[in-house]
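Visitor: I would like to learn how to read a few features in a structure like this one. Where do we begin?

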Amino acid sequence: MNSILSGRRPVIASHLTELQAERLRQHASQPVVIEYTKTQEPWDVPPEADFLFTFMRGWARAPRDAPPHGWPYNLRWIQVGAAGLDAFPRWFFHDLPISSGRGIQSTGIAEYVLAAILLHEKRLDRTVARSPADWREYPLGGLAGKTVGLLGFGAIGSAVAQRALAFGTRVLVYRRSADAPGIPGVERAATLEQLAAESDHLVIASALTPETRNIVGSRFLSHGKPGQHLINVSRGAHIDQEALVTALDAGILAAATLDVTDPEPLPEGHPIYTHPKIRLTPHTSGQTERFDDLLTAKLFANLDRFLAGRPLIDQVDPERGY
């Protein structure tokens with residue numbers, strides 16, 4: 001298995017959790033795992049490390065214009081434990097193969113999206129009987145026949161689409177790639193304006209790039225279907241938050257469910273915290289009891305592949321940054 005390293009034990013610089021570092025030590029290759037970020041910044045990788053396994057936390061502080069002296073040291077490969085890669089500087093994506101944690105949280109996030117849609121339609125947080133006076137009919141919505149729009153169609157978008165279709169919804173997708181969606185019943189929107197105009201529930205599930213930053217602004221929102229519910233499970237910077245609040249206040253949007261903001265957390269007193277039409281959660285949509293096991297499985301699978309000289313799972317395109 002270790003032919004690439006001439007039979008010696010691999011050395012992994014870990015910027016993951018203590019649990020993941022301990023699990024990595026149990027890999028069949030018996031790697032030496034250095035939890036270096038207890039005392040160093042995540043980009044100050046020990047020079048003896050062959051591989052870097054990292055989360056995004058702390059990387060927003062890294063030098064932006066040029067890598068630190070000596071980068072990438074003796075690294076041969078970088079594994080990121082998350083799907084999002086926008087916190088890393090541009091130089092991070094050059095010189096080395098990088099694989100991402102794409103798909104690890106997609107099921108959990110898709111379940112969150114469907115829960116948000118059902119909560120909005122069925123009003124389960126508002127239709128509560130606490131006395132005989134509350135025992136009356138309430139108008140409730142439904143999913144069958146509604147359109148769920150997806151801005152972005154990667155692992156998360158695909159997982160949302162599969163579940164939304166099971167409820168009898170129409171699924172409409174706008175994506176950068178010209179490839180067909182690949183899931184029977186999923187339609188492709190020709191333009192962003194069509195996506196906005198035809199979606200009852202509009203889900204932001206796109207990678208954050210220079211092209212998608214603030215993509216949901218006043219112009220986009222002005223095309224929104226009346227009564228639209230906006231859901232963001234990607235990055236807060238996809239949305240012009242001032243334009244969002246304005247659209248909600250003007251009745252252009254009916255509601256918004258946000259799991260992400262820009263910045264995170266928002267400063268004390270920000271209107272998004274208390275806006276009556278916004279449901280805000282603290283970037284938790286991907287968290288499930290299976291997360292650590294799924295992450296470990298992906299780390300092990302890619303470590304096996306690299307040591308055997310096989311292609312990595314979810315290798316990042318350095319030009320796209322995802």
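Guide: Begin with a network of salt bridges, which here links E18, E22, R25, E35 and K38. Keep in mind that this is a predicted model.

Visitor: What is the idea behind such pairs?

Guide: Side chains of opposite charge can pair when their charged atoms come close. The cut-off is 4 Å.

Visitor: How many salt bridges does a search of the whole structure find?

Guide: The search finds 18. One of these salt bridges joins the side chains of R8 and D50, at 2.7 Å from N to O. R8 lies in the segment before β1 (11–15) and D50 in the loop between β2 (32–34) and β3 (51–54), so this pair ties together parts that are 42 residues apart in sequence.

Visitor: How does accessibility describe R8 and D50?

Guide: With 37% relative accessibility, R8 counts as partly exposed. D50 has 3% and counts as buried, because buried means under 20%. Another salt bridge is formed by the side chains of R126 and D125, at 3.6 Å from N to O. R126 is partly exposed, with a relative accessible area of 46%, and D125 is also partly exposed, at 39%.

Visitor: Let us turn to strands. How do β6 and β7 run, and how many bridges join them?

Guide: To read a pair of strands, look at the direction and then at the partners. Strand β6 (residues 147–151) and strand β7 (residues 170–174) run parallel and are joined by 5 bridges. T147 has R170 in β7 as its bridge partner. Between the two strands the chain passes through helix α3 (residues 155–166), and this β-α-β crossover is right-handed.

Visitor: In what sense do β7 and β8 pair?

Guide: β7 pairs with strand β8 (residues 186–188) in the parallel sense, over 3 bridges. L172 stands opposite E187 in β8.

Visitor: Now a helix. How does the span of α2 agree with its number of residues?

Guide: Compare the expected span with the distance between the end C-alpha atoms. Helix α2 (residues 106–122) has 17 residues and, at 1.5 Å a residue, should span 24 Å; the end C-alpha atoms are 24 Å apart, so the two agree. After α2 comes R123, whose phi is positive, near 55 degrees.

Visitor: Which residues of α2 are buried, and what covers them?

Guide: The buried residues are S106, G108, I109, A110, Y112, V113, L114, A116, I117 and E121. What covers them includes β6, α3, β9 (201–204), β10 (228–232) and β11 (253–258).

Visitor: Last, a single residue. Where does S199 lie?

Guide: S199 lies in the loop between α4 (192–198) and β9. S199 counts as buried because its relative accessibility is 0%. The side chain of S199 reaches the backbone oxygen of L195 at 2.6 Å.

Visitor: Which residues does S199 touch, not counting those up to four places away in sequence?

Guide: S199 touches T147, G149, K225 and Q228. One of these, T147, is the residue whose bridge partner in β7 is R170.

Key: Residues are numbered from 1 along each chain as its sequence is written. This is a predicted model: local features need pLDDT of at least 70, side-chain atom pairs count only at pLDDT 80 or more; totals for chains, interfaces and linings use all residues. Side-chain values use heavy atoms; hydrogens and water are left out. Helices (H or I, at least four residues) and strands (E, at least two) are DSSP runs, numbered from the N terminus. Buried means under 20% relative accessible area, exposed over 50%, partly exposed in between (1.4 Å probe, protein chains only). Two strands pair if DSSP finds at least two bridges between them. A crossover is right-handed if, with the strands pointing away from the viewer, the path from the first strand over the helix to the second runs clockwise. The expected span of a helix is 1.5 Å times one less than its number of residues. Contact means heavy atoms within 4.5 Å. A polar contact is a pair of N or O atoms within 3.5 Å; within protein, one must be able to donate a hydrogen and the other to accept it, and residues adjacent in sequence count only if both atoms are side-chain atoms.
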